[in-house]
Amino acid sequence: MHITVIGSGYVGTTIAACFADLGHEVTAIDIDEEIVNTLNDGRAPITEPGLDDLLETHAGDRLTATTSYDAVPDSDVTFLAIGTPSNNDGSIDLSALEAAAEATGDALANKTDRHLVVIKSTVTPPSIPATLEPAIHSGANENDAIEVGMNPEFLREGSAVTDFQQPDKLVFGTQSEWATERLHNVFEPLLEHHDAPVVETDPETASMIKYANNAFLASKISLVNDLGNICKEFDLDAYEVMDAIGLDDRISERFLRSGVGWGGSCFPKDVNAIIAAAQAVDYDPAVLEGTVEVNDRQPNRMLECLMSHVNPEDARIAVLGLAFKPNTDDIRNSRAIPVIDALQSRGANVAAYDPVAADEMSHKFPDIEYAESAADALEGADGALVVTDWDEFSELDEEFDAMATPVVVDGRRCIERRNGIIYEGLTW
Ligand code: UDX
């Protein structure tokens with residue numbers, strides 16, 4: 001098949017490269033010439049394991065990038081993968097996606113045979129009929145040959161390529177059997193190698209599945225954090241408790257790690273967006289509001305643990321880990337941000353360390369110290385807060401002996417050494 005993918009950000013680049021790898025001919029369309037050139041050179045504009053290899057193999061062959069929408073009418077299906085960032089009230093900003101939807105409709109204005117435009121971007125259910133369908137049809141003079149579908153993605157940063165290749169499920173939100181069939185054709189080569197259930201539904205339900213999926217996972221973590229905070233107050237180990245409840249297969253053992261909470265580009269944005277969308281129709285989603293509230297609370301609980309041993313004012317406090325999770329330099333909504341804010345507001349001198357994310361964080365906090373290693377950050381420190389579970393932190397040992405006061409607050413349960421230091425687990 002010939003597939004056009006509009007938008008070459010994180011999702012667009014990943015699916016374009018993976019579609020090409022499935023054997024399709026792919027045209028990646030982006031307004032940014034630099035991104036287009038990078039893709040045509042066979043390089044990824046983002047860091048994601050496996051992506052560079054796929055692009056090196058397929059760029060210039062099955063994958064071409066361009067700024068022009070000319071390829072759209074000749075393709076069999078078009079995927080819209082444009083970012084939907086958060087507005088201040090938590091709702092999503094559809095402007096860039098709407099513009100791309102209109103440009104796609106314009107490009108299809110003279111096409112008379114059926115064409116499927118599939119939304120990959122995360123959008124709330126009401127925005128499909130209210131904003132996106134009209135945008136796609138406006139450009140095409142209400143060309144009813146165009147059908148709109150929704151195919152949400154569930155990729156995790158750091159494993160996006162394998163998540164694409166080995167999905168737990170595929171969700172096809174369409175308005176006709178023809179469109180469902182077309183999506184089956186797109187994913188057929190994948191399903192030949194990997195058996196995954198395909199959920200066939202309408203576009204709005206498909207979009208709600210995406211929000212429900214992420215809201216459920218974020219709420220699961222907030223629930224274990226809430227229970228974990230209670231465990232800490234009772235002097236109990238939340239991990240011992242969660243290991244036991246995870247044996248109930250209705251609960252499952254995954255996503256039960258309590259600590260300083262969730263960050264990243266998806267959970268915060270999506271949970272806030274579905275709350276805002278619910279409030280817009282006068283429904284207050286109490287559990288989801290609590291999910292956000294508990295997450296906001298965890299960084300402060302870290303500070304409270306620290307302050308039960310050290311006064312942060314004028315103290316040197318090491319912050320270990322800045323990325324929102326290990327194996328990425330992404331700091332979007334990282335828990336390190338509220339942790340550093342809270343330390344600074346209490347007059348602490350922050351010495352931060354992360355194996356890859358320090359550069360990113362230095363734009364946000366230009367005035368703190370960025371240490372070259374965990375050992376440098378810990379040297380002479382009066383306390384340490386462990387925010388990201390990088391593997392290398394589990395090996396820290398005598399580095400703690402160089403601290404002025406060896407108070408270590410672990411927000412991820414990744415520090416192995418417990419003896420000879422004052423060790424506080426956040427929920428254990
Ligand atoms: C997530 C979803 O997993 C993915 O399906 C969706 O498409 C995008 O959002 P991602 O943001 O890449 O993916 O990260 P993920 O590995 O899910 O972790 C999210 C956050 O939750 C991280 O900050 C992580 O540290 C935290 N987390 C995860 C916990 O605190 N405890 C856990 O048990 C699991």
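The model is predicted, so local features need pLDDT of at least 70 and side-chain atom pairs count only at pLDDT 80 or more, while totals for chains, interfaces and linings use all residues. Residues are numbered from 1 along each chain as its sequence is written, and side-chain values use heavy atoms, with hydrogens and water left out.

**Around the ligand**

- The ligand has 19 residues around it, and Leu 155, Glu 157, Arg 257, Phe 324 and Lys 325 come nearest (a residue is near if one of its heavy atoms lies within 4 Å).
- Domain 1 (2–201) and domain 2 (227–428) both give residues to this shell, so the ligand lies between them; the domain bounds come from an automatic or database domain assignment.
- Helix H8 (residues 203–233) gives the largest share of the shell, 3 residues (helices are DSSP runs of H or I, at least four residues, numbered from the N terminus).
- By class, the shell has 9 nonpolar, 3 polar and 7 charged residues, with Gly counted as polar.

**Backbone contacts and burial**

- An oxygen atom of the ligand is 2.7 Å from a polar backbone atom of Glu 157.
- For Leu 155, a backbone N or O atom lies 2.8 Å from a ligand oxygen, and for Gly 263 that distance is 3.1 Å.
- Taken alone the ligand exposes 670 Å², and the protein buries 90% of that (Shrake-Rupley method, 1.4 Å probe).

**The second largest pocket**

- This pocket has a volume of about 230 Å³ (an open set of points on a 1 Å grid, with protein on both sides within 12 Å along at least five of seven lines; lining residues have an atom within 4 Å of a point).
- H11 gives the largest share of the lining, 4 residues.
- The lining divides into 6 nonpolar, 4 polar and 2 charged residues.

Terms used:
Polar contact = N/O pair within 3.5 Å; in protein donor to acceptor, adjacent residues only side chain to side chain. Helix = DSSP H or I, 4+ residues; strand = E, 2+ residues; numbered from the N terminus. 1 Å grid on protein atoms, 1.4 Å probe; cavity = no way out; pocket = protein on both sides within 12 Å on 5 of 7 lines; lining within 4 Å. Points joined across faces, edges and corners; volume = space filled by probe spheres on them.
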